[in-house]
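Here is a quick briefing to read with the sequence and the model side by side. Have a look at the fold first, then work through the points below.

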Amino acid sequence: MPLVLGIETSCDETGVGVVRDRVLLADEVASSVEEHARFGGVVPEVASRAHLEAMVPTVDRALAAAGVTLADLDAIAVTSGPGLAGALLVGVAAAKAYALALDLPLYGVNHLAAHVAVDVLEHGPLPEPAIALLVSGGHSSLLLVKDVTRTMTPLGQTLDDAAGEAFDKVARLLGLGFPGGPVVDRTAQLGDRRAIAFPRSMLADPSYDVSFSGLKTAVARWVEKQDGPIPVADVCASFQEAVVDVLTAKAVRACRDVGVGHLLIGGGVAANSRLRALAQERCDAAGIVLRVPRPGLCTDNGAMVAALGDRLLDAGIAASALDLPADSSMPVERVVC
Ligand code: KG4
Ligand code: ZN
C-alpha cells in the first residue's frame, strides 16, 4: 500500500501528514498563530518565514511519529493553492526538493479539495455526490463534490468576508484577541443567542452566496450605541447565531435543490460548536447525513493534503510536473495543478 507525505503551508500552519491507504499515520502541525496575534490577523511575511523555519523539523517529526523514513515514501502531495503566495511557495519548494531527491511523484493539490478529502480518514469513503460547506478564515464556499479526485463545482461563496474572518473581526472589536473563532465560541456558551437580532444577510437571496461584512458592521454599530457595559456573551452568541443560521440554511437548501443526501462541513469554522449542533439539527430534520471531521482535522493540517494525495494515487491520477507553481488563486474546479 502506497505511503504518502502531505505538506500544507497555505496560511499560518506548517502541516505535515503521513497517510497510507486512508489510514492516518501522523499529523504534525507547527503554527505561527501567536506571532500574528498582536497584529489581529495573519501577516504573510511572518507566516512565510515561520514556514521556512518549521518545514524540515515538522517533516522529521511526522516521519518519526508514523514510524517511517523518507525511503519508505511512495509519493509527496503539497498544497499548491489557493492561499498566501509566499507561504505556499515555501511548501511547494520543499515538496519539490523532497520529490526530486527521492525520485517520487509529486501532486500539487487544491487546498479546498484537501479540506473535503480529509474526512475519509475519519468516516471512510466519501459518499459522492456530496455537498461540501468549507468555512475558514480564508474561504467560505459551498461546493458540489462529484469526485474529489477530479473536480469540485462551486455553488456559492462569500461576497466579502470569509466566515472565520467575521469571527476574527468581531472578536477584535470586543477585545477578545486573535484568532477570534474559538474565544467567541466559548464566550457564546455563556450568552443568549436570541438576545440581539443581528441581520441574516443573503438568507432570503435565492443564490448560495453569503455575506458577512454587513453583519460585522451591525455588531460594531450595536456595540457603539451601548451606554453601559457591553453584554459580551450575548453579543457573541447572537452574532454566532446569525453566521451559522445562514450557513446551515444555505447548505441544507443546496442539498435539497441538487438532490444530494450528504453534507460535509470543513475548514476552521467547522470546529464551531453551535455550527455543528445546528447543522446536525437541520440535517436530521431534512433527512441528510452530516459528516464533520473532528476539529483538529477541520483546521489547516498536513493530514488533509496527504489524504487527498492518497486518493489521487489510488484513482490513478497523473502526478504534477516538477515545475508546478504555487498558485495563490487556484480555481476550485482544479484539484491537481
Ligand atoms: O482552516 P483554518 O485553520 O485556516 C484558514 O484557512 O483560515 O481556519 C482558521 C479560522 C479562523 O478565522 C478562526 O477564527 C476560525 O477558523 N475558527 C473558528 C473556530 N475555531 C477556529 N471559528 C468559529 N468557531 C470556532 N470554534
Ligand atoms: Zn483551510
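Which residue of β10 does H262 stand opposite? H262 faces V289 in β10. Bear in mind that this is a predicted model, where local features need pLDDT of at least 70, side-chain atom pairs count only at pLDDT 80 or more, and totals for chains, interfaces and linings use all residues. Residues are numbered from 1 along each chain as its sequence is written, chains are lettered from A and ligands numbered from 1 in the order in which they are written, and side-chain values use heavy atoms, with hydrogens and water left out.

**The sheet**

- An open sheet is built from 5 strands in the order β8-β7-β6-β9-β10, with mixed pairing. Helices (H or I, at least four residues) and strands (E, at least two) are DSSP runs, numbered from the N terminus, and two strands pair if DSSP finds at least two bridges between them.
- β8 (151–157) and β10 sit at the edges, each pairing on one side only.
- From one strand to the next, the twist averages 25 degrees; axes here are lines fitted to C-alpha atoms, for helices over the stretch in contact, and angles run from 0 to 180 degrees between N-to-C directions.
- Strand β7 (residues 140–147) runs antiparallel to β8, and 6 bridges join them. One bridge puts L142 with G156 in β8.

**Around β9**

- In β9 (residues 262–266), 4 of the 5 residues are buried, where buried means under 20% relative accessible area, exposed over 50%, and partly exposed in between (1.4 Å probe, protein chains only).
- β9 runs parallel to strand β6 (residues 130–135), with 4 bridges between them. L133 stands opposite I265 of β9.
- β9 also runs parallel to strand β10 (residues 289–291), this time through 3 bridges.
- To get from β9 to β10, the chain goes through helix α10 (residues 273–286) in a right-handed β-α-β crossover: with the strands pointing away from the viewer, the path from the first strand over the helix to the second runs clockwise.

**Helices across the sheet**

- α9 lies across β6, β7, β8 and β9, at about 160 degrees to β6; lying across involves contact, meaning heavy atoms within 4.5 Å.
- α10 lies across β6, β9 and β10, at about 160 degrees to β10.

**Aromatic pairs**

- There are 2 aromatic pairs in the structure. Rings of Phe, Tyr and Trp (its six-membered ring) pair if their centres lie within 6.5 Å; planes under 30 degrees apart count as stacked, over 60 as edge-to-face and the rest as tilted.
- F167 is in helix α6 (residues 163–173) and F239 in helix α9 (residues 232–258), 72 residues apart.
- F167 is buried at 3% relative accessible area, and F239 is buried at 0%.
- F198 and W222 are also edge-to-face, at 6.5 Å centre to centre and 80 degrees between the planes. F198 is in the loop between α7 (180–188) and α8 (213–225) and W222 is in helix α8, so the pair ties together parts 24 residues apart in sequence.
- F198 is buried at 6%, while W222 is partly exposed at 22%.

**The zinc site**

- H111 (NE2), H115 (NE2) and D300 (OD) coordinate the zinc ion (ligand 2) at 2.1 to 2.2 Å. Donors are N, O and S atoms within 2.8 Å of the metal (3.2 Å for Na, K and Ca); water is not among the atoms, so sites may look incomplete.
- Along the chain, the donors are spaced as H-x3-H-x184-D.
- H115 in helix α4 (residues 111–117) and D300 in the loop between α11 (295–298) and α12 (303–314) are 185 residues apart. Both H115 and D300 are buried.
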